[in-house]
Amino acid sequence: QEARYVGDDWEHSDDVTSALLEDGEAVVHVPRKVCSGFEMVKRPVLCVSPNWLRDHFKGSGRKSLKSNRHRAVNLLRFCLSDLTWDCKPSSKAYEAYVCLVGLPLVPVSD
């Protein structure tokens, strides 16, 4: 299993890391300079992007996040961070909205 890199440039990267570790994913933390070095020698590190995390959660079989509400909101914010919000049915943003269907990221009441 290849390890995924969670960048520390997002303020809640620890929440992303924790969720992936709960799912049995291998996660590495290295300085951004190290990742850049791998890219320079054509061996890029597998970075966790919002799109990748959405795909991961869809395939994980999770029904909900077993975490606190604050962490679930942070994960939802990360998954939304690369989307645009012009949701007309013919727009790319509508396709982005559709990709959120089925994600276990809506915080529920206790």
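The structure, a predicted model, holds one aromatic pair. Tryptophan 10 and phenylalanine 78 form this pair, which is tilted, with 5.0 Å from centre to centre and 55 degrees between the planes. Tryptophan 10 lies in the loop between β1 (4–5) and α1 (13–22), while phenylalanine 78 belongs to helix α4 (residues 69–80), so the pair ties together parts that are 68 residues apart in sequence. Both tryptophan 10 and phenylalanine 78 are buried.

**Overall architecture**

- The secondary structure of the protein comprises five helices and two strands.
- Read from the N terminus, the elements follow the order β-α-β-α-α-α-α.
- The protein has 110 residues, of which 36% count as buried.
- Of the contacts between residues at least 6 apart in sequence, 68% join residues at least 24 apart.

**Helix α4**

- Helix α4 has 12 residues and reaches 16 Å from its first C-alpha to its last, which is close to the 16 Å expected at 1.5 Å a residue.
- The buried residues of α4 are Arg71, Ala72, Asn74, Leu75, Phe78 and Cys79.
- Seen down the axis of α4, these buried residues fall within an arc of 160 degrees, so they line one face of the helix.
- The cover over the buried residues of α4 includes α1 and α3 (50–60).

**Asparagine 74**

- Asparagine 74 is found in helix α4.
- The relative accessible area of asparagine 74 is 2%, so this residue counts as buried, the limit being under 20%.
- Leaving aside residues up to four places away in sequence, asparagine 74 touches Trp10, His12 and Asp15.
- Trp10, one of the residues touched by asparagine 74, is also a member of the aromatic pair with phenylalanine 78.

**Nonpolar core**

- In soluble globular proteins, nonpolar side chains tend to be buried together.
- The largest nonpolar core has 18 residues, and those that touch the most other members are Val16, Leu20, Val48, Leu53, Phe57 and Leu75.
- The elements that give two or more residues to this core are α1, α3 and α4.
- Valine 16 touches Val6, Trp10, Val48, Leu53, Leu75 and Phe78, when residues up to four places away in sequence are not counted.
- The contacts of valine 16 thus include Trp10 and Phe78, the two residues of the aromatic pair.

**Cysteines**

- A search of the whole structure finds zero disulfides.
- A disulfide is a covalent bond between the sulfur atoms of two cysteines.
- Cysteine 47 has a relative accessible area of 31%, so it is partly exposed, a class that lies between 20% and 50%.
- Cysteine 79 has a relative accessibility of 0% and therefore counts as buried.
- Cysteine 79 is also listed among the buried residues of α4.

**Valine 34**

- Valine 34 has its place in helix α2 (residues 32–40).
- With a relative accessible area of 35%, valine 34 is partly exposed.
- Valine 34 and valine 45 are 11 residues apart along the chain, and 9.3 Å separates their C-alpha atoms.

Terms used
Residues numbered from 1 in each chain as written. Predicted model: local features only at pLDDT ≥ 70, side-chain atom pairs only at ≥ 80, totals over all residues. Heavy atoms only, no water. Disulfide = S-S within 2.5 Å. Buried < 20%, exposed > 50% of the residue type's maximum accessible area, 1.4 Å probe, protein only. Phe/Tyr/Trp six-rings, centres within 6.5 Å; stacked < 30°, edge-to-face > 60°. Helix = DSSP H or I, 4+ residues; strand = E, 2+ residues; numbered from the N terminus. Expected span 1.5 Å × (residues − 1). Arc of directions from axis to C-beta. Contact = heavy atoms within 4.5 Å. Core = buried A, V, L, I, M, F, W, Y, C linked by side-chain atoms within 4.5 Å.
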